[in-house]
Amino acid sequence: MSEFDLVVRGGTIVTASDRFRADLGIRDGRIVQIGHDLSGAREVLDATGRLVLPGGVDAHVHLAQPTSDGTIMADDFDSGTRAAAAGGSTTVLPFALQEKGKSLREAVRDYHAKAEGNCHVDVAFHLIVSDPTPQVLGQELPALIRDGYSSFKVFMTYDDLRLTDAELLDVFEVARREKALVMVHAEGHDAIRHITRKLEAAGQTAPYYHAIAHSEIAEREATHRAISHAQLVDVPIVIVHVSGRDPMEQIQWARKRGLRVHAETCPQYIALTRDDLKGLNMDFEGAKYVCSPPPRDTAAQEAIWEGLRDGTFDLFSSDHAPFRYQGEAGTGKDNPRARTSFKWVPNGIPGIETRLPILFSEGVSKGRISIERFVELTATNPAKLYGLYPRKGSIVVGGDADLVLWDPEEARTITQGDLHHGSDYTPYEGMQVTGWPQVVVLKGQVVVRNGVVDTDARRGGHIDRTAI
Ligand code: DUC
Ligand code: ZN
Ligand code: ZN
């Protein structure tokens, strides 16, 4: 009998703290040895000239999520997790969303049914709490947290999702008692609505004006308000999808006071600007870039890089929220109502497959961050923060053998035709990147080889966070 099922030989292993040459011995889906000249394997992967990274952990993705206006998300678990694998992520955390008036427990049950048997990588669900009724606060949420759904998102904007300040404080209290982590979408609803009304009155309804309505000031104000509420209750929070310097400064302010405030940013805030929402001469093509918060300007991008370097950010997630541009019968971004005002354009852009190549290329290849920091932001920290470490997020004996053999020299031009997601476009079309995942291993099994996904395999599944 072979000692190992798989040996990964001759690569440079990178973790959040170290970079070294070694072989990896894998048995029963786990790393069992890190050493030199390992032999006795059923299969050997030659990693010469490759970086061997922990599989990416994408802690913020939306798959098959219901929307209030009937727009259909472009990815279900099959296509979304296939795209994740192709882009080097072996664990993703999507959201089980409670629709207003409905049960949170039911939402989790439905979401499991959607995921079951359809995952190409491992998944763990965050919750979205949109209707904190006494039943949800008193029973469903505490019970779900104890069952391992230990992180949930709340919104400070959107008519169908937002919580009032009083409700935010109530859910923060539950999180503190049950030791859950709250992710906050911090944008001030009334400020956005106020600007939107003025823009619409002036006939400024093209997609570009989404970026004006969703002002960074509204993001800054809401970030501070969320932090203040969390301070009052004494609960840790994550401010998700931070877009620029103003909200970053609020997070730095909180940290200086010893508050437990974590922060996440995303590819769109280093690779896009609000000018992308202009499309071609302020036409509707700009809808392809509509997401919230929107990308800002080049100064904001520089601020984000500072935060990625200096530790302000813990997490670099995709915020993959995929819609088709041209969906059938009004189900895409380009639909008749969206043409009447930016406020009806479905919010979100695809990015699950391009997250790692964009940060690697713009960050590591261009010398802005180290490869160790890349691993920390994209795999280790998300695994630690969301209760998946050390099984996920690093390369350790006993951990899952989730690995990426990364070619740091591969030059690619990102283009829709090469991607695996369900959207009919990528906002990064034409972007040149250096560095791409070549082989991806999930629990000791090769799921991507030479960039080609084993589409039949579906070796992923839901991770029970109580069992880590
Ligand atoms: N928030 C997200 O996290 N993703 C997409 C849209 C949004 O508002
Ligand atoms: Zn959000
Ligand atoms: Zn999101």
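For this notebook, I take a pocket to be an open set of grid points with protein on both sides within 12 Å along at least five of seven lines. The model I examined is a predicted one.

**Entry: the largest pocket**

I looked up the volume first. The largest pocket holds about 1100 Å³ of space. I then listed its lining, which comprises 46 residues. Ser68, Tyr158, Asp160, Lys343 and Asn347 are those that lie nearest the centre of the pocket. Sorted by class, the lining has 18 polar, 16 nonpolar and 12 charged residues.

**Entry: ligand 1**

I checked where ligand 1 sits, and the space it takes is the largest pocket. I recorded the residues around ligand 1 as His60, His62, Lys153, Phe155, Tyr158, His185, His241, Ser292, Asp319, Ala321 and Asn347. By class, this shell has 6 polar, 3 nonpolar and 2 charged residues.

I then went through the polar contacts of the ligand, taking N or O pairs within 3.5 Å. For His60, I found a polar side-chain atom 2.9 Å from an oxygen atom of ligand 1. For His62, an N or O atom of the side chain is 3.1 Å from a nitrogen atom of the ligand. For His185, a polar side-chain atom lies 3.3 Å from a nitrogen atom of ligand 1. How much of the accessible area of ligand 1 does the protein cover? I noted 94% of the 240 Å² that the ligand has on its own.

**Entry: backbone geometry**

I noted departures from both.

The bond from Ser292 to Pro293 is cis, with omega near -10 degrees. I placed Pro293 in the loop between helix H9 (268-271) and helix H10 (298-310).

A cis peptide bond also joins Tyr389 and Pro390, with omega about 10 degrees. I located Pro390 in the loop between helix H13 (371-385) and strand S15 (403-413).

Finally, I looked up Ala64, a residue other than glycine with a positive phi, near 45 degrees. Ala64 is in the loop between strand S6 (56-61) and helix H1 (77-86).

Key: Residues are numbered from 1 along each chain as its sequence is written. Chains are lettered from A and ligands numbered from 1 in the order in which they are written. This is a predicted model: local features need pLDDT of at least 70, side-chain atom pairs count only at pLDDT 80 or more; totals for chains, interfaces and linings use all residues. Side-chain values use heavy atoms; hydrogens and water are left out. A residue is near a molecule or strand if one of its heavy atoms lies within 4 Å of it. A polar contact is a pair of N or O atoms within 3.5 Å; within protein, one must be able to donate a hydrogen and the other to accept it, and residues adjacent in sequence count only if both atoms are side-chain atoms. Accessible areas come from the Shrake-Rupley method with a 1.4 Å probe; for residues, only the protein chains shown count as cover. On a 1 Å grid over the protein atoms alone, a cavity is a set of points where a 1.4 Å probe fits but cannot get out, and a pocket is an open set with protein on both sides within 12 Å along at least five of seven lines; lining residues have an atom within 4 Å of a point. A molecule sits in a cavity or pocket if more than half of its atoms lie within 2 Å of its grid points. Ala, Val, Leu, Ile, Met, Phe, Trp, Tyr, Cys and Pro count as nonpolar, Asp, Glu, Lys and Arg as charged, and the others, Gly among them, as polar. Grid points are joined across faces, edges and corners, and a volume is the space filled by probe spheres set on the points. Helices (H or I, at least four residues) and strands (E, at least two) are DSSP runs, numbered from the N terminus.
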